[in-house]
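Biologist: Before we discuss the assignments, I should like each label to be set against its criterion. Please begin with the criterion itself.

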Amino acid sequence: MNNSYLIIENNYYNIKQEYQMQMMLNNKIDGLIKFELHKTDNRHEFYYDITEKNTLKDIYNKDDLKYLQIKVIISQIIAIVESIEDYLLDNNSFIINEEYIYISNQNKINLCYLLGYNKPIKEQMTSLIEYMMNKVNYMDEKAVVLIYGLYKVTREENCTFGRLIQLIQIQSDEDEIHNIYEVKPGKTNKLLDDSIQNSIQNSIQNSMQNSIQNSIKSTTQNPIKVKSSIPFIQEDIEDEKEIEEHTLLTKLLTSLVIIIMLVIFIMLLKIGTFENSKTHKIDIIKLTGGFLISISIVAYSLSKLLQKGNKESKIVKVADCIDSETNLDKIMEATAVLDSTIEEMEQTIVLQEINEYENQVIFESLNPKLYNSIYINRYPFTIGKLNGKVDYIIKNIGVSRCHLKIYYISDIEDNYIQKLYIEDLNSTNGTYLNGLLLKSDKHQIFANDIISIADFKYKVLIEKR
């Protein structure tokens, strides 16, 4: 069987990258498309073997992306990118683009690695997820929640692959959620539980297999050489669509036929063609017959003029965005579900029961004659004045109904150390930490910090149990 190749001229390659080149040529790195280097007239061309593979864009050109497919695609890409650390290769040299991501007929992701490409991997992942957002099946609520969650994470300043994998795991069924914190710190791709990943791939194998089989062209003919330029990250998401429409001449002739027949019919009507010869009044039978004949002539003429052969192809730019009211409603619903999911993640998974913590946290009153200290006996712990909705009530006009929240988070990137955080819940008068007004975001707090809630001031005490 003859092979198919994607050819990319590499203007970035230089002799300083010879070590990386030899590392790639002499090692079989799972997930990287095998390539050969061809030198012609001081040009370096990379020949990527894409036999029995097709691009992500081609496979999902007409099909929507579903929830499980999104999980497998993103998870496999992250696993491949992180695996090259063992070979001391730069992950910014991957081409993460829907036109350069290939899927084999075994449903495995394959990536192009171009030495010296040096496009920030975070920007490339953001661009890819933006593309997938416009391909998602909006009837699949879980898919919408997942893709918008991934997009939200990639827009964060300190986005990491671990955060993306964490969100993918959070979106799994409840019986899979605990796997996130049962693993030991290490490479992100090992966070993916093998059984979960296998079940996901088995679930979507049929649908992806059908898409691939419909898209991959036969490679039994002559070798296919696809000459390609390096993709650039684009801010606007646009696509091209081919449409067929009738030529201008066809449209003019169609209008002309209708006008001529209309004029002829009116003239025949005026000269008395449809009148009774004896009464000189309109003969209904003659009028009906003339009308039907005229309609038949027009219909026959139009059938000839509007044949497919008289159409021309036209390429139009299509903004690949979501602008219909229906989709907008679904996005708003998905956003609400996403926010609820993230909040649940923080409260149910990240936060643990109080008996698992070694320390007792106390907000010590700085004016014990006027108000008491607060002993925090559970997490998350909320303070406000709304009875039945908060854990500690402060009856004061300056305190909001739900004023602030205290909770622990296990820091994945710091060996799962439990850290104490405070968060203002959009209170009217705000919360102050050491004299500084907090924004509506979490802030880590330490022993001896001063917390101010309206006129109430507390000193943070952290005691061993």
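Modeller: Two strands pair if DSSP finds at least two bridges between them. Helices (H or I, at least four residues) and strands (E, at least two) are DSSP runs, numbered from the N terminus. This is a predicted model, in which local features need pLDDT of at least 70 and side-chain atom pairs count only at pLDDT 80 or more, while totals for chains, interfaces and linings use all residues. Residues are numbered from 1 along each chain as its sequence is written, and side-chain values use heavy atoms, with hydrogens and water left out.

Biologist: How do you know that strand 15 and strand 16 pair, and in which direction do they run?

Modeller: The criterion asks for at least two bridges, and 8 bridges join strand 15 (residues 404–411) to strand 16, with the two running antiparallel. One of the partners is Y407, which is bridged to Y421 in strand 16. Strand 16 is also joined to strand 19 (residues 442–444) by 3 bridges, again antiparallel. There, I422 has H443 as its bridge partner in strand 19.

Biologist: Is N107 buried or exposed?

Modeller: N107 has a relative accessibility of 6% and therefore counts as buried. N107 lies in the loop between strand 6 and strand 7, and its phi is near 65°, a positive value in a residue other than glycine.

Biologist: Which peptide bond is cis?

Modeller: The bond from Y379 to P380 is cis, with omega near -5°. P380 lies in the loop between strand 12 (374–376) and strand 13.

Biologist: Why does T382 count as buried, and what is it in contact with?

Modeller: T382 is found in strand 13 (residues 381–384). Its relative accessibility is 15%, so T382 counts as buried. Contact means heavy atoms within 4.5 Å. Leaving aside neighbours within four places in sequence, T382 is in contact with K389, V390, D391, Y392, L404 and K405.

Biologist: How do you know that the length of helix 5 agrees with what it should span?

Modeller: The expected span of a helix is 1.5 Å times one less than its number of residues. Helix 5 (residues 141–154) has 14 residues and should span 20 Å; its end C-alpha atoms are 20 Å apart, so the two agree.

Biologist: Why is helix 5 called largely enclosed?

Modeller: Because 10 of its 14 residues are buried, helix 5 is largely enclosed by the rest of the structure. Among them are A143, V144, V145, L146 and I147.

Biologist: What puts the buried residues of helix 1 on the same side?

Modeller: The buried residues of helix 1 (residues 18–25) are M21, M23 and M24. They cover an arc of only 160° around the axis, which puts them on the same side of helix 1. The arc is that of the directions from the helix axis to the C-beta atoms. What covers these buried residues includes strand 2 (35–40), strand 3 and strand 7.

Biologist: What makes strand 4 and strand 5 edge strands?

Modeller: An open sheet of 4 strands has the order 4-6-7-5, with antiparallel pairing. Strand 4 (53–55) and strand 5 (94–95) each pair on one side only, and are the edge strands. Strand 5 is joined to strand 7 (residues 109–113) by 2 bridges, running antiparallel; F94 has Y113 as its partner in strand 7.

Biologist: Why is strand 1 called largely enclosed, and how many bridges join strand 1 to strand 3?

Modeller: Strand 1 (residues 5–9) has 4 of its 5 residues buried, so it is largely enclosed by the rest of the structure. Strand 1 and strand 3 (residues 43–49) run antiparallel and are joined by 5 bridges. L6 has Y48 as its bridge partner in strand 3.

Definitions and conventions:
Buried means under 20% relative accessible area, exposed over 50%, partly exposed in between (1.4 Å probe, protein chains only).
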